[in-house]
Amino acid sequence: MSHSVTITRTTTSTTNTSYIVLNTGYLKTFPGILKLFQLIIGAAIVGILAYNYQDYRNYYSRGQQDLFQYLMAVTFMIGTFCLLLACLTSLSTGGIIAKTIYELIYHSVAAILILASSTFLLIRLRDVKHDAYMVAGVLGLVNAVLYFISAFLAHRSYRGI
């Protein structure tokens with residue numbers, strides 16, 4: 001019995017050795033959209049708190065809830081930016097990092113700490129009225145929900161290898 005086998009060889013050569021691959025398809029996925037919104041909301045919180053920091057400090061300087069919120073927002077904004085940048089500049093990172101425990105731990109810790117800092121800030125604002133800080137606290141709660149959703153998705157896609 002005889003049969004034929006066809007072998008196809010494809011050779012690709014490039015002359016430019018330095019190029020940046022931009023995986024814009026990652027932003028079309030649900031985890032990509034979540035990370036983008038987490039980053040945008042985190043930047044809004046940081047901007048609001050930074051702009052109003054001295055105003056708040058001059059009049060309502062009891063407690064450190066605003067500083068805690070500010071630190072958590074900056075910390076997880078930078079972390080989310082690094083994650084999003086890694087997923088956008090590599091074709092395989094978005095699929096690989098979702099299967100590791102890193103995303104599960106990162107999003108869980110972010111959700112808990114941002115929820116705590118936003119709650120503490122809003123509890124403090126019961127006594128002291130400051131509209132911009134109220135907006136930052138509510139945006140923090142929204143961001144905590146987004147991080148909880150990301151943690152849930154990371155838990156579902158995690159494969160303990």
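This is a predicted model: local features need pLDDT of at least 70, side-chain atom pairs count only at pLDDT 80 or more; totals for chains, interfaces and linings use all residues.
The UniProt record, an unreviewed entry, assigns the feature "transmembrane region" to four stretches: residues 32–51, 71–98, 104–125 and 132–154. In the model, the stretch at residues 32–51 is 100% helix and 0% strand, with 28 Å between its end C-alpha atoms.

The packing of two helices was then examined. Helix 2 covers residues 65–88 and helix 4 covers residues 101–124. Their axes come within 9 Å of each other and cross at roughly 155 degrees. Because angles over 145 degrees count as roughly antiparallel, helix 2 is described as roughly antiparallel to helix 4. The crossing of helix 2 with helix 4 is left-handed. The residues in this contact comprise 13 nonpolar, 7 polar and 3 charged ones.

The structure contains 1 salt bridge. The bridge joins the side chains of glutamate 103 and lysine 35, with an N to O distance of 2.9 Å. Glutamate 103 belongs to helix 4, whereas lysine 35 belongs to helix 1, which spans residues 30–59. The two residues are 68 residues apart, and the pair thus links distant parts of the chain. Residues under 20% relative accessible area count as buried. Glutamate 103 is therefore classed as buried, at 6% relative accessibility, and lysine 35 is also buried, with a relative accessible area of 2%.

Key:
Residues are numbered from 1 along each chain as its sequence is written. Side-chain values use heavy atoms; hydrogens and water are left out. UniProt positions are given in the numbering used here, feature names are shortened, and annotations may be inferred rather than shown by experiment. Helices (H or I, at least four residues) and strands (E, at least two) are DSSP runs, numbered from the N terminus. Axes are lines fitted to C-alpha atoms, for helices over the stretch in contact, and angles run from 0 to 180 degrees between N-to-C directions. Angles under 35 degrees count as roughly parallel, over 145 as roughly antiparallel, 65 to 115 as roughly perpendicular and the rest as oblique. A crossing is left-handed if the near helix is turned anticlockwise from the far one by less than a right angle, and right-handed if clockwise. Ala, Val, Leu, Ile, Met, Phe, Trp, Tyr, Cys and Pro count as nonpolar, Asp, Glu, Lys and Arg as charged, and the others, Gly among them, as polar. A salt bridge is a side-chain nitrogen of Lys or Arg within 4 Å of a carboxyl oxygen of Asp or Glu. Buried means under 20% relative accessible area, exposed over 50%, partly exposed in between (1.4 Å probe, protein chains only).
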